[in-house]
Structure formats: structure tokens, C-alpha cells
Amino acid sequence: MSWPRPSENHHMDQPYVQAISDLFGLDPTADFESWMSDPTNPSLNLPFKVLFPSIASDVVAAVNFAKENGLEISVKNSGHSYQGASSKKNTLLLNMNRYTHY
């Protein structure tokens, strides 16, 4: 009978969580939960709802809805906003990539 050989890093036969714990000395599940509940986490900076208007009347309806409900509007066009304006927290995001091109 032959015994299984250990892997080079000795972690291939262990579950992922155990390997991370051994290598880095931390508990990934606890760290993930604390990371997700941290209010300063930039990954939680998400809009309230995302709309994909395709014609002008969709935009008008979205602006009226936001005004009536006290929501701020953020707009995503085709580029990236280094300031994060297109993914601002608690806004109504208008993603314009389906808007009719004239």
C-alpha cells in the first residue's frame, strides 16, 4: 500500500479555510463578516436602485420619482468616475448604456 504524498505547500489536502488560517493566522469567515459590516467599506457604496432608461421619457419619469421621494440621482454613462459619482451610496442610479443613440 502506498501512502499519499503531501503537496509541496502541505495545504492541498486541507479545506480552504484551514489553509488560510495556517498561512496567514486569521479566520477568513470572521474577517469577511467584519469587513462586510464595516460602514467605511467602499464595496458597500452602492446605489439604492439602478435604472436603465432607453428613451427621454424614462429619464423624466426617474427624475420626477427621485424628486417626489427625496432621492439623489447619480448617472453612469460610458466611462469611469474616479470620484465614485456613478456608484454613490443611496442614490437612484441612471445607467445610460441602453439609452437610444441619436
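## Briefing on a predicted protein model

One salt bridge is counted in this protein, under the rule that a side-chain nitrogen of Lys or Arg lies within 4 Å of a carboxyl oxygen of Asp or Glu. The structure is a predicted model, in which local features need pLDDT of at least 70 and side-chain atom pairs count only at pLDDT 80 or more, while totals for chains, interfaces and linings use all residues. Residues are numbered from 1 along each chain as its sequence is written, and side-chain values use heavy atoms, with hydrogens and water left out.

**Overall architecture**

- The protein has three helices and three strands, where helices (H or I, at least four residues) and strands (E, at least two) are DSSP runs numbered from the N terminus.
- Read from the N terminus, the order of these elements is α-α-β-α-β-β.
- Of the contacts in the protein with a separation of 6 or more, 51% are between residues 24 or more positions apart, a contact being heavy atoms within 4.5 Å.

**Surface and burial**

- Buried residues account for 20% of the 102 residues; buried means under 20% relative accessible area, exposed means over 50%, and partly exposed lies in between (1.4 Å probe, protein chains only).

**The salt bridge**

- Lys 88 pairs with Glu 72 in a salt bridge whose closest N and O atoms are 2.7 Å apart.
- This pair links distant parts of the chain, 16 residues apart, with Glu 72 in strand β2 (72–76) and Lys 88 in the loop between β2 and β3 (91–95).
- Both partners are partly exposed, Lys 88 with a relative accessible area of 35% and Glu 72 with a relative accessibility of 41%.

**The loop residue Asn 90**

- Asn 90 is located in the loop between β2 and β3, and has a positive phi of about 55 degrees although it is not a glycine.
- Most residues other than glycine have a negative phi.
- With a relative accessible area of 52%, Asn 90 is exposed.

**The nonpolar core**

- The largest nonpolar core consists of five residues, Ala 62, Ala 66, Leu 92, Leu 94 and Met 96, such a core being a set of buried Ala, Val, Leu, Ile, Met, Phe, Trp, Tyr and Cys residues joined through side-chain atoms within 4.5 Å.
- Helix α3 (56–69) and strand β3 each supply at least two residues of this core.
- Apart from its neighbours within four places in sequence, Ala 62 contacts Leu 51, Ile 73, Leu 92 and Leu 94.
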